[in-house]
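Here are a few friendly notes to read alongside the model. Please keep the 3D view open and look for each item as we reach it.

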Amino acid sequence: NKAYLSCRFGIVVLDLKKREFADTYYIGANASEVYVLNTTVYDGYMYALTYTQASSTLKSYKLLRASLSSQNQWANFENWHEVSSLPAGINDFQSIVSFSGSLFLLGDKQLFRKVNNDQWEKFMTEQVLNINISGEKMFAADEGFKTYIIDKNLNKEIFDKLNLVFIGLFDEKSQLYWFAGG
């Protein structure tokens, strides 16, 4: 009954049942504000992809996580721990998602999949602009007007000649795909 909103200063918790703000998590060092790009749940943890502005042109990215078993302690920044590794050489991260038992990270138009505690592997050779999850499908769009639909077994199906797709949805009941783009 809660929604976790990624914000420019941390994470805001909405109580959907009461329709009110329930809490705000400042998860940066010493409870400081940190830009949270997005969050996802994976393998017993809530992950938060964050950055701080190190200079006018340089962002410092961190991947933080907190145990789901300590959910009532998430407001305390000390319960958020930095994941030691992000893919090397990536300067601009966009998104992190949990899909089909794996953790995926989009950065510098490259889609990575976490293969163990400290290693990431490139999941697609194509350049990816955005990703989203709908049901048991992951959608990845590239610059070449192709949308890749990845199923729960991580098989890819390609839809091409679509305009740039920002989001894809799969309706389980009707078995139809819906795309929005520009």
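1. Helices (H or I, at least four residues) and strands (E, at least two) are DSSP runs, numbered from the N terminus. In those terms, the chain has 17 strands and zero helices.

2. A word on the source. This is a predicted model, in which local features need pLDDT of at least 70 and side-chain atom pairs count only at pLDDT 80 or more, while totals for chains, interfaces and linings use all residues. Residues are numbered from 1 along each chain as its sequence is written, and side-chain values use heavy atoms, leaving out hydrogens and water.

3. Next, burial. Buried means under 20% relative accessible area, exposed over 50%, and partly exposed in between (1.4 Å probe, protein chains only). Of the 182 residues in the chain, 37% are buried.

4. Contact means heavy atoms within 4.5 Å. Beyond its neighbours within four places in sequence, Thr50 has contacts that include Ile27, Val36, Tyr61 and Leu64.

5. Now the aromatic rings. Rings of Phe, Tyr and Trp (its six-membered ring) pair if their centres lie within 6.5 Å; planes under 30 degrees apart count as stacked, over 60 as edge-to-face and the rest as tilted. The whole structure holds 11 aromatic pairs. One of them joins Tyr25 and Trp74, edge-to-face, with 6.2 Å centre to centre and 90° between the planes. This pair links distant parts of the chain, 49 residues apart: Tyr25 is in strand β3 (residues 20-25), and Trp74 is in the loop between β6 (59-67) and β7 (81-82). Both Tyr25 and Trp74 are buried. Together with Tyr4 and Trp80, they form one aromatic cluster.

6. Is the pair of Tyr42 and Tyr47 stacked, edge-to-face or tilted? The pair is tilted, with 50° between the planes and 6.1 Å centre to centre. Tyr42 counts as buried because its relative accessibility is 17%, and Tyr47 counts as buried at 2%.
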